[in-house]
Amino acid sequence: MKIGFWRSWALVVGMMIGSGIFTLPAVLAPYGASSFLGWAITALGALCLVFSLSYMAARNPQAGGPQAYVFEAFGRVPAMIVAWGYWISVLVAVAAIALSFAGYLGVFFPIIEGKPLVNALVALVVVWCFTAISLRGTEEASIVQLVTSLLKIMPLLVIGIAGLLVGDVTSIPLGNPKNESFPVMIAGILLLIMWSYIGIESATIPAEDTVDAKKTIPRALFAGTLTATAVYMLSLAGVMALVPVETLANSAYPFSDAARLLFGSAGAWVVAVGALISIGGALNACVFLTGVVPFAGAKEGLFPKVLGRGRNDGTGVNAILFSSTLASVLIMSNASKGLLKSFELMILISTFSVLIAYLGAALASLKLQLLDHKQGHAIKPFRFLVSLLATLFALFAIAGAWSLYQ
């Protein structure tokens, strides 16, 4: 079945809007209003990355995904680094999203709230439930992806708009919890926020199955990224306008807390259900990808051959089991840190890893433009400049990791 614009858009939005937005208000609360500036810079950087990906997708619609572009530009070894970075990012995302799922379950089962070991055990159960689904080889139809993407957006928009109408956005203080210099603080915020932008490359992966890929993929990438950004910033502002940042910083389910203030307990439950659906969908996709990426990469020599073994229907059984086992170890090794601390650590690792892939894609865009120039094609200054900005943005985001570990 060919994928059109709306299904490509849903793929981008569905991958981007997962667990990140439902937990990030708590993680970003110490930064207060400063986080909005960080979000604006992140959005601009992400759009530069999207522009670079769009160019490469239009240039060669048969090759999908960052590692394919890097392979074409730089060869096998750099492609291997990008492939492993991407897999590690998705692997750690499984652990982080499972913890976020456990956090929102606390709305319905308060007995698990504030108990790190119990949260970790719940996260393990959730991971292996979705692992069982992936092992069955089931795939979600693209129309379901579109519907679930819309379902994800609606509660976020309602909370965001209602929060801005009822709350006081001017009361959100500027925050700098570590008293860092401005560039260092913004770099740290940027790395946290980039977690919510993982997935901007999604529409490039099924390029061969996309209708008029040269036009559809770039449009879907831009529209999906802009849609998610608007939803992110509106909903974050609404939550911060309602819930004091001191309270928000310790919340395992910030959107439910905001909904409770707006609509009472019933509202909190409705938002929590929506969050669990959204987080569960993202977790299912990530568990599936932890099998797909090494399973496919093993055939190209980018991963050990053992991970390329599976069933005849293309299900990477070994890769899925291996990845879920590593995710389980990661969850338990961080159980003592508590839910929010564990979540923050894992999104840092996951984001740092995927930024390697994004950096590789941005550099590949520069290299391919230069290669095309040698073949007699004129370099378009704006395109080259944007690819250069995407490279600098990825480097700046990676540098943010250092500030957050200090």
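## Stop 1

Select S34. It lies in helix α3, which covers residues 34–59. Helices here are DSSP runs of H or I with at least four residues, strands are runs of E with at least two, and both are numbered from the N terminus. The model is predicted, so local features need pLDDT of at least 70 and side-chain atom pairs count only at pLDDT 80 or more, while totals for chains, interfaces and linings use all residues. Residues are numbered from 1 along each chain as its sequence is written, and side-chain values use heavy atoms, with hydrogens and water left out.

Is S34 buried or exposed? S34 is buried, because its relative accessible area is 10%. Buried means under 20% relative accessible area, exposed means over 50%, and partly exposed is in between, using a 1.4 Å probe and protein chains only.

Now show what S34 touches. Leaving out residues up to four places away in sequence, S34 touches L174, G175, M185, I186 and I189. A contact means heavy atoms within 4.5 Å.

## Stop 2: the whole chain

Zoom out. The protein chain has 15 helices and 0 strands. Of its 406 residues, 56% count as buried. Take the contacts between residues at least 6 apart in sequence: 83% of them join residues at least 24 apart.

The chain exposes about 16400 Å², and carbon and sulfur atoms supply 70% of that. Accessible areas come from the Shrake-Rupley method with a 1.4 Å probe; for residues, only the protein chains shown count as cover.

## Stop 3: the core

Select I17, L28, W39, Y104, Y197, F255 and I331. In the largest nonpolar core, which has 129 residues, these touch the most other members. Helix α5 gives this core its largest share, 19 residues. A nonpolar core is a set of buried Ala, Val, Leu, Ile, Met, Phe, Trp, Tyr and Cys residues joined through side-chain atoms within 4.5 Å.

Stay with Y197. Which residues does Y197 touch, not counting those up to four places away in sequence? They are M16, W39, T42, A43, A46, T225, T229, Y232 and Y358.

## Stop 4: aromatic rings

Rings of Phe, Tyr and Trp (its six-membered ring) pair if their centres lie within 6.5 Å; planes under 30 degrees apart count as stacked, over 60 as edge-to-face and the rest as tilted. By this rule the count is 10 aromatic pairs.

Select W84 and W87. Their ring centres are 5.4 Å apart and their planes stand at 85°, so this pair is edge-to-face. Both residues lie in helix α5 (residues 76–105), 3 residues apart, about one turn of the helix. W84 is partly exposed at 30% relative accessibility. W87 is buried at 4%.

W87 and F322 make a stacked pair, 6.1 Å centre to centre with 10° between the planes. W87 is in helix α5 and F322 is in helix α13 (residues 317–333), so the pair ties together parts 235 residues apart in sequence. F322 is partly exposed, at 38% relative accessibility.

W84, W87, F303 and F322 form one aromatic cluster.

## Stop 5: salt bridges

A salt bridge is a side-chain nitrogen of Lys or Arg within 4 Å of a carboxyl oxygen of Asp or Glu. How many salt bridges does a search of the whole structure find? It finds 3.

Select R59 and E72. Their closest N and O atoms are 2.7 Å apart in a salt bridge. R59 is in helix α3 and E72 is in helix α4 (residues 66–74), 13 residues apart. R59 is partly exposed at 28% relative accessibility, and E72 is partly exposed at 37%.

D372 is buried, with a relative accessible area of 16%. R59, E72 and D372 are linked in a network of salt bridges.

Finish with D257 and R260. They form a salt bridge, with the closest N and O atoms 3.2 Å apart. D257 and R260 are separated by about one helical turn because they are 3 residues apart in helix α11 (residues 254–263).
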